[in-house]
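Dear colleague,

Please find the structure below, handed over for your reference. The notes that follow it set out what was found.

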Amino acid sequence: MENISSKVVLSVRDLNVETVSASDPRAILQSVSFDVHESETLCIVGESGSGKSVTVFSIMGLLPPDSLRLTSGTILLNGRDLASVPYTDILALRATTMSMVFQEPMTALNPIQRIGDQLDEVIRIHRRIPAAQRREIIIRMLTEVDFPDPVGMCRRYPHELSGGQRQRVVIAMALILEPKVLIADEPTTALDVTTQKQILYLMKRLQKVHGTSVIFITHDFGVVAEIADRILVMHHGVAVERGDRRQILSNPVQAYTRELVSSVPGIRPPARKAPKTEVALSIEGVSMSYGRKPVFGFGKGRMVSALKDISLDIKRDEIVGVVGESGSGKSTLARCVVGLIHGWTGSIRLGDRSLEDASRKRPRDIRRRIQIVFQDPNRSLNPRRRVAASLMEGLVNFGMPVREARAKIAKVLGVVGLEEDVLDRYPHQFSGGQRQRLCLARAIVMEPEILIADEATSALDVTVQSQVLELLAEIKQRTRIAILFITHDLRVATKISDRIVVLQNGRIIEQGAPQDIIPRPCEDYTRELIQSAPGRDWDFKNFRPFDADADDLANTRCIP
């Protein structure tokens with residue numbers, strides 16, 4: 001870890017935030033205190049609801065006035081108390097002295113305005129300089145964030161960019177006026193591990209160039225291990241532990257901190273025995289292309305090949321992890337299997353039944369035998385219906401009486417660790433992890449032979465993610481179900497999978513047991529995925545770095 005300047009740029013003392021309620025105000029932050037030094041990265045870590053985002057929203061003056069209020073405390077930025085200055089002064093400080101990068105870049109970018117115009121707007125609001133000089137600053141900043149054609153990028157719209165490109169634009173926007181403090185609120189959570197690595201490296205490099213102090217919000221100690229100088233751990237609105245990176249990772253004091261650290265999935269796989277069961281799902285030579293029609297009948301249409309000659313068998317009592325970056329074809333494969341998209345070629349067999357008929361409607365018994373759990377449980381559950389109605393819907397549609405369906409659902413809730421009394425609640429009354437458990441219950445109550453989990457844990461905290469992964473493994477053991485587990489995180493796939501399949505550009509480039517692929521990958525792409533895994537050098541379960549003398553992962557090639 002680098003030596004950090006003793007100069008304090010931001011000092012937060014005894015910060016208290018509560019809900020706006022005349023009758024029953026509730027404390028959200030309780031006496032939170034910390035310092036941010038010049039050119040350092042402070043990582044604020046905790047689960048959802050721990051108060052991380054509320055803390056930085058208080059600094060930026062972004063607390064929603066109708067629901068939250070800062071009741072006491074000081075926020076000294078270069079000696080000036082932001083808790084007591086007029087709101088107009090805070091507006092003037094944004095982008096010039098302090099700036100923020102949000103988790104989802106599309107919420108920070110105007111979808112109908114070109115990238116160059118949005119960057120120009122930031123400069124025009126705070127600096128009275130000629131247009132030509134503003135353009136020079138924009139081009140220089142876009143070059144700094146690694147766009148090879150900054151002039152061309154200025155003419156593009158946000159929807160024309162990938163997620164990683166949009167996040168780089170937002171970082172450029174945040175740093176274009178060289179603020180003293182940059183706040184990054186989960187900026188890499190939704191990105192592939194390779195893109196995440198690029199963004200983290202970019203932020204560290206720009207931090208050195210501009211001398212910026214960074215507050216990085218995350219729930220993933222894998223990311224913390226890569227970038228943190230110091231760490232602040234929050235739980236239920238309270239700062240429960242603080243220290244430098246090695247101290248917190250190697251010797252956490254609080255039980256909550258130890259749970260957070262140990263929940264990070266490791267990249268080193270345990271040895272597993274291959275299941276010796278019959279094939280539940282057979283995929284042979286499946287290809288899928290999407291067609292784009294010509295605009296207004298002019299020009300030629302364009303075909304995009306999403307899957308190319310995919311062949312894969314999944315056995316009963318087996319979890320097959322499919323990994324790859326966005327656009328590799330993972331979700332397209334899942335949707336072909338479950339019957340959500342049509343037009344694919346090849347053969348898909350469920351046991352002794354062929355699914356190669358790409359008709360609009362599959363037989364009822366086939367639809368019941370294959371179930372899917374999606375990434376976002378919020379969009380999977382109807383917010384206007386009680387949980388009981390959503391979970392019983394499939395059973396009732398297949399002819400089961402409502403009373404019998406409710407009794408069956410109540411039994412399955414025990415399998416996913418929930419009580420029967422949750423059935424009369426609405427989805428918004430649950431945490432993200434609980435909602436994902438409900439989605440799992442809805443899938444397994446149908447007693448399927450194939451369960452597809454499409455990025456089912458990527459939006460969850462590491463502790464909740466760990467619980468859901470253990471739950472999936474337990475469900476497999478109880479029901480002997482075959483699970484197709486789709487993820488972009490090789491750490492997660494390594495933890496749960498009996499076999500890993502690596503997809504790149506719609507093709508399977510490598511597959512095998514984790515204990516064979518991770519130490520000795522055959523393909524450069526697989527090696528890149530392994531080397532991009534955050535915290536790959538740390539043994540989080542045992543709170544220590546891996547032995548430096550041991551063979552480095554992904555540097556030993558496979559034997560043909």
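Pro270 is partly exposed, with a relative accessible area of 42%; buried means under 20% relative accessible area, exposed over 50%, and partly exposed in between, with a 1.4 Å probe and protein chains only. This is a predicted model, in which local features need pLDDT of at least 70 and side-chain atom pairs count only at pLDDT 80 or more, while totals for chains, interfaces and linings use all residues. Residues are numbered from 1 along each chain as its sequence is written, and side-chain values use heavy atoms, with hydrogens and water left out.

Pro270 lies in the loop between helix H11 (255-262) and strand E11 (279-292). Helices (H or I, at least four residues) and strands (E, at least two) are DSSP runs, numbered from the N terminus. Leaving aside neighbours within four places in sequence, Pro270 is in contact (heavy atoms within 4.5 Å) with Thr494 and Gln515. From Pro270 to Ala389 the separation is 119 residues in sequence and 40 Å in space, C-alpha to C-alpha.

**Nonpolar cores**

A nonpolar core is a set of buried Ala, Val, Leu, Ile, Met, Phe, Trp, Tyr and Cys residues joined through side-chain atoms within 4.5 Å. The largest one has 57 residues, and those with the most contacts inside it are Leu142, Val145, Ile171, Ile176, Phe216 and Phe221. Helix H7 (residues 163-175) gives the most to this core, namely 7 residues. Not counting residues up to four places away in sequence, Leu142 touches Leu119, Phe147, Pro150, Met153, Cys154 and Ala172. A second, separate core has 41 residues, including Val373, Ala405, Leu472 and Phe485.

**Helix H1**

Helix H1 (residues 52-60) is largely enclosed by the rest of the structure, because 7 of its 9 residues are buried. The buried residues are Lys52, Val54, Thr55, Val56, Ser58, Ile59 and Met60.

**Helices H8 and H21**

The axes of helix H8 (residues 193-210) and helix H21 (residues 524-532) come within 8 Å and cross at roughly 55°. Axes are lines fitted to C-alpha atoms, for helices over the stretch in contact, and angles run from 0 to 180 degrees between N-to-C directions. H8 is therefore oblique to H21; angles under 35 degrees count as roughly parallel, over 145 as roughly antiparallel, 65 to 115 as roughly perpendicular and the rest as oblique. In this contact, Val193, Thr194 and Lys197 of H8 meet Glu528, Leu529, Gln531 and Ser532 of H21.

Yours sincerely
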